[in-house]
Amino acid sequence: MADLADDIVLSFHDSCLRQSDVRLLRPPNWLNDKIIGFAFEYFERVQFQDFSSDVTFISPDVTQFIKYSQGDDLAPFLEPLDLSSKKLVFLAVNDNTNLESTGGSHWSLLLYRRDVAEFQHYDSSQGSGNSAPAKLLVKRVQPFLGQSSKITFREMDAPHQQNGYDCGVYVICNTEHLCKQLLQGDTCQIKETVTSASVKQKRTQLLELISSLGR
């Protein structure tokens, strides 16, 4: 049960943020699924809403369920997303192995690109071990993509975090950059855009955004 003093700060569509969630945006805190889920929701509902027919952002809590579910259990979650019509599908990968609880120690980003028939894994910490849960997600999601050709899995040369707590912010920044690049035609390279400085700035931007939306 939430602390009685842990008031709701923002209700935004399917996202509900409490004070304890928002405090995580101040370093040196590790982001939880609520903050990443809010960012994905904002991308879908506001920032990239003009591309809603082409892109899907799967929330971290749904991604965790997908990872450890099979067959008939997956259909009610994935079929409504109409993944077979999407050009891009973004999933936040967590190394938590317990379906019954939130947690884990690292976030990374998994992107499905229909144009190249590829799952691309962007991990800000090399050797983190997130390749295994990312590949498990590929196995679960692939049957719902409606793509007959072989889909490959590729580890990408992603921007690297310089500390042990910014992985979730890198997921958000990498997602935003890739949407701008693949949907809006931005020509900047990901390592030019997603830097330790821009990641630090993103924490502040998210705090300001949550504050403005909560007024």
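**Notebook: burial, helix contacts and loops**

I began with Lys-150, which counts as exposed at 70% relative accessibility. For this term I keep to the cut-offs that buried means under 20% relative accessible area, exposed over 50%, and partly exposed in between, with a 1.4 Å probe and protein chains only. Lys-150 is found in the loop between helix 5 and strand 7 (152-155), where helices (H or I, at least four residues) and strands (E, at least two) are DSSP runs numbered from the N terminus. I also looked up its separation from Glu-118: the two are 32 residues apart in sequence and, from C-alpha to C-alpha, 8.5 Å apart in space.

**Ground rules.** I note that this is a predicted model, in which local features need pLDDT of at least 70 and side-chain atom pairs count only at pLDDT 80 or more, while totals for chains, interfaces and linings use all residues. Residues are numbered from 1 along each chain as its sequence is written, and side-chain values use heavy atoms, with hydrogens and water left out.

**His-106.** I looked next at His-106, which sits in the loop between strand 4 (88-94) and strand 5 (107-113). His-106 counts as buried because its relative accessible area is 6%. Its side chain makes a polar contact of 2.7 Å with the side chain of Asp-123; by polar contact I mean a pair of N or O atoms within 3.5 Å, where within protein one must be able to donate a hydrogen and the other to accept it, and where residues adjacent in sequence count only if both atoms are side-chain atoms. Leaving aside neighbours within four places in sequence, I found His-106 in contact (heavy atoms within 4.5 Å) with several residues, among them Trp-30, Val-93, Asp-123, Ser-128, Gln-161 and Cys-167.

**Helix 2.** Helix 2 (residues 33-47) has 15 residues, and I read a reach of 20 Å from its first C-alpha to its last, close to the 21 Å expected at 1.5 Å a residue. The expected span is 1.5 Å times one less than the number of residues. Its buried residues include Ile-35, Ile-36, Phe-38, Phe-40, Tyr-42 and Phe-43, and also Asp-33 and Glu-41. At the start of helix 2, I noted that a side-chain oxygen of Asn-32 comes to within 3.2 Å of the backbone nitrogen of Lys-34. In the loop between helix 1 (19-23) and helix 2 lies Pro-28, and the peptide bond leading from Pro-27 to Pro-28 is cis, with omega near 5 degrees.

Helix 6, with 18 residues, reaches 25 Å from its first C-alpha to its last, close to the 26 Å expected. I then compared axes, which are lines fitted to C-alpha atoms, for helices over the stretch in contact, with angles running from 0 to 180 degrees between N-to-C directions. The axes of helix 6 (residues 167-184) and helix 8 (residues 196-213) come within 10 Å and cross at roughly 95 degrees. That makes the two helices roughly perpendicular, since angles under 35 degrees count as roughly parallel, over 145 as roughly antiparallel, 65 to 115 as roughly perpendicular and the rest as oblique. On the helix 6 side the contact is made by Val-169, Tyr-170, Ile-172, Cys-173 and Glu-176, and on the helix 8 side by Ser-196, Ser-198, Val-199, Lys-202, Arg-203 and Leu-206.

**Helix 3 and helix 5.** The axes of helix 3 (residues 60-67) and helix 5 (residues 131-141) come within 9 Å and cross at roughly 80 degrees, so these helices, too, are roughly perpendicular to each other. I found Thr-63, Ile-66 and Lys-67 of helix 3 meeting Pro-133, Leu-136, Leu-137, Arg-140 and Val-141 of helix 5.

**Loop residues.** Ser-59, in the loop between strand 3 (55-58) and helix 3, is partly exposed, with a relative accessible area of 22%. Its side chain is joined to that of Asp-61 by a polar contact of 2.4 Å. Asp-82 has a positive phi of about 50 degrees although it is not a glycine, and at 39% relative accessibility it counts as partly exposed. Ala-117, also not a glycine, has a positive phi of about 50 degrees, and I noted that this residue counts as buried at 11% relative accessibility.
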